[in-house]
Amino acid sequence: MSERPKPLVASRADLALIEGYHSAQVDVSVRLNTNESPASPPAAFVEAWLSALRDVELHRYPDRGARRLREGLAALHGVEVENVFVANGSNEVLQSICLAYGGAGRRALTFEPSYALHAHIARITATDVVELARDSDFAITSAAVALAKAADPTITFVCSPNNPTGAAVAPEVVREIEDATAGLVVVDEAYGQFSSWTAVPWVADDRRIVVVRTFSKTWSLAGLRLGYCIAPSWVVSALESVALPYHLDAAKQLAGELSLGFASEMNDRTAWIVVERERLRDAMVDLGVTVWPSDANFVLFRPPGEARAVWAGLVDRSVLVRDCSSWPRLDGCLRVTIGTPRENDLFLSALGEVLASNLKEGE
Ligand SMILES: *Cc1c(COP(=O)(O)O)cnc(C)c1O
């Protein structure tokens, strides 16, 4: 490999302190590392999208306000169009929130361990980050909420269900955070379809709750890069003011609109994924693995022995899970996404083999 050229202009000094966000893209046959849907979207949806694409006027800019897509999402959630902001993946929604409400001299707050991109995106937008700790069961305590109040953030991120630990945050806790802080409370519900509750009914112009959702998980459209938030209309106006003009291309708007016609098929997947998740958990417990409860499409677990070696042993058997073992507060932990029944069987048998061979080596 050639050496990297020397930069002639220095980039922002604070960026040097920010570690890049990486999820290994290794060539394996069973990919259970990024919490995508194991099922492709319904064939009828793909057909409808491809045929509608023929009529797109490609020489014209797309609808800047993504009106029809936003109308569809507003109808889905029982809110007004003015309460919906759409972007290229929920990560771009999070970035827009940081651009509009963060920035130099402002603070964003997270409860760790949580979705690494909340802190990461905040830092990229030069927002200061205050990371508070969850307790040993990964719950947000009243003591942590008291610290949140003292930190006076303009943005507090609450991931529910929480990635990578799995459980939803209790509604009372989100209320407590809203009462304690004066800024936005951004509830990231990327796995909201798996949760027993949603903060969407709490979104109102006289409250500070913003709910972020994505098409990347239950909607089986991670490749499309589409996400949105349900927010007070004054938040949506602020987010629109930081979005690039025409940031959502016509093909994507169309896909989003049409996918909403398949909501029940998409939601049906959550039911069998939950059944598979519980089957996987039980089988892993039988293998002597510590498994945390999950309200999502993945489980966090701690295998006996050295986690990195278990991860590598799984890769040797063409199974890829997420290695969280070097992340703060997740010592020895791995995270597996729930796949198809066949993929889950392959994961379980590979895990069984790896643990058995590690045991033998330890003898
Ligand atoms: C997967 C995930 C997202 C999705 O991001 P996209 O940019 O929409 O693909 C957002 N938040 C959390 C917590 C996630 O786990």
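Reader: What is the length of the polar contact that joins the side chains of glutamate 92 and histidine 247?

Author: The model is predicted, and the value that follows is computed from it. Glutamate 92 lies in helix H3, and, once its neighbours within four places in sequence are left aside, glutamate 92 is in contact with Ala87 and His247. With histidine 247 the side chain of glutamate 92 forms a polar contact, whose length is 3.2 Å.

Reader: How far apart are the C-alpha atoms of glutamate 92 and isoleucine 121?

Author: Isoleucine 121 belongs to the H4 side of the contact between H3 and H4, while glutamate 92 lies in helix H3. The two residues are 29 residues apart along the chain, and their C-alpha atoms are separated by 9.2 Å.

Reader: Is H3 oblique or perpendicular to H4?

Author: Helix H3, residues 90-101, packs with helix H4, residues 116-124, at an angle of about 45°, and their axes are 9 Å apart. Angles of 65 to 115 degrees would count as roughly perpendicular, and those under 35 degrees as roughly parallel. The angle of H3 to H4 therefore makes the arrangement oblique.

Reader: Which residues of H4 make the contact with H3, and how does the contact divide by class?

Author: The crossing of H3 and H4 is right-handed. On the H3 side the contact is made by Asn91, Leu94, Gln95 and Cys98, and on the H4 side by Leu117, His118, Ile121 and Ala122. By class, the residues of this contact of H3 with H4 are 5 nonpolar, 3 polar and no charged.

Reader: How is H3 placed against H7, and how many nonpolar residues does their contact have?

Author: The axes of H3 and helix H7, residues 233-242, come within 9 Å and cross at roughly 95°, which means that H3 is roughly perpendicular to H7. The contact is made by Ser96, Ile97, Leu99, Ala100 and Tyr101 of H3 together with Trp234, Val235, Ala238, Leu239 and Val242 of H7.

Reader: At what distance from an oxygen atom of the ligand does a polar side-chain atom of tyrosine 191 lie?

Author: The ligand is surrounded by 13 residues, and the closest are Ser90, Tyr191, Thr214, Ser216 and Lys217. An N or O atom in the side chain of asparagine 163 is 2.8 Å from an oxygen atom of the ligand, and for a polar side-chain atom of arginine 225 the distance to a ligand oxygen atom is 2.7 Å. For tyrosine 191, the corresponding distance to an oxygen atom of the ligand is 2.6 Å.

Definitions and conventions:
Residues numbered from 1 in each chain as written. Predicted model: local features only at pLDDT ≥ 70, side-chain atom pairs only at ≥ 80, totals over all residues. Heavy atoms only, no water. Axes fitted to C-alpha atoms, helices over the stretch in contact; angles between N-to-C directions. Helix = DSSP H or I, 4+ residues; strand = E, 2+ residues; numbered from the N terminus. Parallel < 35°, antiparallel > 145°, perpendicular 65-115°, else oblique. Left-handed = near helix turned anticlockwise from the far one by under 90°. Contact = heavy atoms within 4.5 Å. Nonpolar A, V, L, I, M, F, W, Y, C, P; charged D, E, K, R; others polar. Near = heavy atom within 4 Å. Polar contact = N/O pair within 3.5 Å; in protein donor to acceptor, adjacent residues only side chain to side chain.
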